[in-house]
Amino acid sequence: METLQASGKKEFTINDLRLEVETWQKQKPQNKNIFIFFKSPIKDPPDFFGFLISFIILALTLVFVPVFEIVRLLILRPALTLFHTTMVIIGAALLRILAKPLIHIGNKAIENKQRGIYKFIYKKGFPAFLQFFNLCFGFSLKYYLKIDTKDVRSIGKFQEWIDDSCGVEGKWIESDVNRSVRHETWCPFVGREIPYVSPAGQNSPAPNGIENPDYSEFCSYFMRYWIQNFIKSCNPEFELAPLTCMIPKGDECCEFVYKRKKPWEGGEKS
Amino acid sequence: MNILITYSSRTGHTAELALLIAEELISMGHTVDFEKIERTVKEHRWPLLWRTQWHWGALAIGLVSNKYREYFIANYKIPEVAIKPLLHPDVSEYDRICIASPKHTIVPCVIERYLRQVEGLKNKKVGYFATWAGPPLKHFEVEHLFRPAADRLERRGAKLVSILGLSSLYHEYYIMFIFRLLSKLRFGQPIENFSVKSDYGIRNRTLFCNELIQGELDVQESKGWRRSYDGPGIPGIATASTITTLRLIRRLFIKYVVRGRDELI
């Protein structure tokens, strides 16, 4: 109060506020319909042109601000961009759509192993496809999954993403920075798209006269090459060991072993 | 308790709410002083709109991406405008501070200036009440105003302990029909049920005053959600992103159509 008197300002009391509200209530503004502007632009030109300019600015901002923001975020905060999120969603959707046709093509090639189509698909087709996939989505996945390239378990998030997208179930048996092991315990494709081979060695009927076609070859090639490609792009010091245990072969699970190429010799981490 | 109510009102609705809250606080036996924040130059409503139009495009992205909305709310910049000299430039003598404003897409420019200018906010417990056109939508109204306000108060060393947002049933840019529709869609109730003089408004006014006096709650921790209305209606619409809404529709579809069909079989 003393400061008010010293500064010579008048105090604002509840009675002043009451008076203000009472005065306002007498001339309370009423809501109007937006289309009023189109009906009478001459009656209130400042309002009409204000609305017109606002509408133009709004239309422009709705187009340009998202573009500008995405570009800005791409530079400043790539992990948060819509771009990467969109790419990951597109990748997951593609995976779901393409999984069955790819398995079908892979199996057909295995059934026709003596023909040139096998060589074409497994030596040229799949590598090119997987490289293209990693080129398109690898970068976004690295940011989206927040992958630490010095941790092999973190790189394994890529496989978790594939599993989540396709409906494969699995768990990590070992989770070390230098060696991690994942067991895929259930796969929706085995027994359907990928014929199951019983442990007794009784195979499904051999098509095209080929004896015991090894359908697990598709997984052991496709999955390994794919993950290997991704690991290479993250950190060339790591690798995925060849798949030995596989469900299509009759094992209980598919075993994926992520490891360092050269064993860690101790000392400070780089 | 010595309380200061600082308010900024453009169309008069916030002043009305400030009066009602002041009367309630006085009836509880507290002393209330007032601070009216006014701009040095009175601005026409259209230029005022242009000041915040940049954020509208960002709001559009926020409807699609929850992550972006979080980022936007945490980082958006509020332009400042010049305000008339304050009656109480130092608020250290007050036990509680109440800030009242409308919501101009985001925190109003005058409040941004006031929060930078005022002295003695350190260790103060602050309440924030506002009037806006729409119903208390969680993502659009409550979060857009109170979370940045809580951030700004925290930077000044103050703590936001109570919040209140009520519908003024008025929009300067003649788009009230959108909010009426949203209220029906989201809450299944007319927007009048969320106005200053509604039962909801009276109940929450009392709650606001009680929490302000108690000063125990930390709104920053509850992220400003607590006071949003969580009633019946069509959940998800207008409060969540498109993806969340689609997920919800899918879940409801599975719950009522797919499982229902299975039970029939």
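Visitor: What makes residues of α2(A) and α1(B) count as meeting?

Guide: This is a predicted model, in which local features need pLDDT of at least 70, side-chain atom pairs count only at pLDDT 80 or more, and totals for chains, interfaces and linings use all residues. Residues are numbered from 1 along each chain as its sequence is written, while chains are lettered from A and ligands numbered from 1 in the order in which they are written. Two residues are in contact if their C-beta atoms, placed from the backbone, lie within 7 Å. On the α2(A) side these are Ile14(A), Leu17(A), Arg18(A), Glu20(A), Val21(A) and Trp24(A); on the α1(B) side they are Ala15(B), Glu16(B), Ala18(B), Leu19(B) and Ala22(B). By class, this contact has eight nonpolar, no polar and three charged residues. Here Ala, Val, Leu, Ile, Met, Phe, Trp, Tyr, Cys and Pro count as nonpolar, Asp, Glu, Lys and Arg as charged, and the others, Gly among them, as polar.

Visitor: Why is α2(A) called oblique to α1(B)?

Guide: The axes of α2 (residues 14–26) of chain A and α1 (residues 13–27) of chain B cross at roughly 140° and come within 9 Å. Axes are lines fitted to C-alpha atoms, for helices over the stretch in contact, and angles run from 0 to 180 degrees between N-to-C directions. Angles under 35 degrees count as roughly parallel, over 145 as roughly antiparallel, 65 to 115 as roughly perpendicular and the rest as oblique. The angle therefore makes α2(A) oblique to α1(B).

Visitor: Why is Cys209(B) called buried?

Guide: A residue is buried if 20 or more other C-beta atoms lie within 10 Å of its own, exposed if 12 or fewer, and partly exposed in between; C-beta atoms are placed from the backbone. Cys209(B) counts as buried because it has 24 C-beta neighbours inside 10 Å. Not counting residues up to four places away in sequence, Cys209(B) touches Ile21(B), Glu24(B), Leu25(B) and Met28(B). Cys209(B) sits in helix α7 (residues 199–214) of chain B.

Visitor: How many helices and strands does chain B have?

Guide: Chain B has nine helices and five strands; chain A has nine helices and four strands. Helices (H or I, at least four residues) and strands (E, at least two) are DSSP runs, numbered from the N terminus.

Visitor: What share of each chain counts as buried?

Guide: In chain B, 44% of the 265 residues are buried. In chain A, buried residues make up 19% of the 270 residues.
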